[in-house]
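Colleague: I am new to this model and would value a close look at one part of it. Could you take me through how the helices pack there and which side chains take part?

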Amino acid sequence: MSISERYRDLVADVQAMLGALQSDESLPQEREVRTVSQAAEGLGELKERVGEIPRIRLEAELTPVLLKAHTQLDRGRLLLEELGAEDRAAALWELEQKIYRLLNDL
C-alpha cells in the first residue's frame, strides 16, 4: 500500500473515531472531542492532494502534519483516560501507533 493510500486510510480512521466520540453520550463532549476534531481537520487538509505530492517532498510536507495530529490525539487520549474511557483511549493509542508507523516509513 502506498504512502498516499495509508495517509487517506489514517484520515478516514481518525474521522471515524471523531464520529464515534461525538455520538458517545457518556462523554462530556469537551476538550477530548475538540482535540480529536483538530487532528481530523489537520489531517483532512492534505487528504485530497496527498497523491499529487512528489515522492521526494512527501516527508517534508507530511511530517509536520502527522506530528501535530499525533500530539493532538495523544492529548485526547490522556483526557479520555482521565474520564475513565479506557476503550476509547486505547482506540486513540492505536491511531497514534498508525501515525508513528507512517512516519517511520517516510
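Modeller: Let us begin with helices α1 and α3, whose crossing is left-handed; that term applies when the near helix is turned anticlockwise from the far one by less than a right angle, and right-handed is the clockwise case. A helix here is a DSSP run of H or I with at least four residues, numbered from the N terminus. This is a predicted model, in which local features need pLDDT of at least 70 and side-chain atom pairs count only at pLDDT 80 or more, while totals for chains, interfaces and linings use all residues. Residues are numbered from 1 along each chain as its sequence is written, and side-chain values use heavy atoms, with hydrogens and water left out.

Two packed helices are described by the angle between their axes and the distance between the axes. For α1 and α3, the angle is about 20° and the axes are 12 Å apart. The axes are lines fitted to C-alpha atoms over the stretch in contact, and angles run from 0 to 180 degrees between N-to-C directions. The two helices are therefore roughly parallel to each other; angles under 35 degrees count as roughly parallel, over 145 as roughly antiparallel, 65 to 115 as roughly perpendicular and the rest as oblique. On the α1 side, the contact is made by I3, Y7, L10, V14 and L21, and on the α3 side by R55, L58, L62, V65, L66, L73 and L80. Contact means heavy atoms within 4.5 Å. By class, eleven of these residues are nonpolar, none is polar and one is charged. Ala, Val, Leu, Ile, Met, Phe, Trp, Tyr, Cys and Pro count as nonpolar, Asp, Glu, Lys and Arg as charged, and the others, Gly among them, as polar.

Helix α1 (residues 3-23) also packs against α4, here at an angle of about 165° and with the axes 11 Å apart. These two helices are therefore roughly antiparallel, and α1 passes α4 in a left-handed crossing. Among the residues that make this contact are L10, D13, V14 and M17 of α1 and L92, L95, K98 and I99 of α4. The contact of α1 with α4 has twelve nonpolar, no polar and seven charged residues.

Which residues does L95 touch, not counting residues up to four places away in sequence? Its partners are L10, D13, V14, M17 and L73. L95 has its place in helix α4 and, at 7% relative accessibility, counts as buried. Buried means under 20% relative accessible area, exposed over 50% and partly exposed in between, with a 1.4 Å probe and protein chains only. The C-alpha atoms of L95 and L66 are separated by 11 Å, although the two residues are 29 apart along the chain.

Side chains of opposite charge can pair when their charged atoms come close. A salt bridge is counted when a side-chain nitrogen of Lys or Arg is within 4 Å of a carboxyl oxygen of Asp or Glu, and a search of the whole structure finds seven. In one of them, K98 pairs with D13, with the closest N and O atoms 2.2 Å apart. This pair links distant parts of the chain, with K98 in helix α4 and D13 in helix α1, 85 residues apart. K98 is partly exposed at 27% relative accessibility, and D13 is partly exposed at 29%.

Within helix α3 (residues 55-83), E61 and R57 are four residues apart and separated by about one helical turn. Their salt bridge brings the closest N and O atoms to 3.3 Å. E61 has a relative accessible area of 21% and R57 one of 41%, and each is partly exposed.

R77 counts as buried at 14% relative accessibility, whereas D74 is partly exposed at 23%. Salt bridges that share partners join D74, R77, E81 and E96 into one network. Of these, E96 belongs to helix α4 (residues 86-105) and is buried at 1% relative accessibility. Leaving aside residues up to four places away in sequence, E96 touches H70, L73, D74 and R77.
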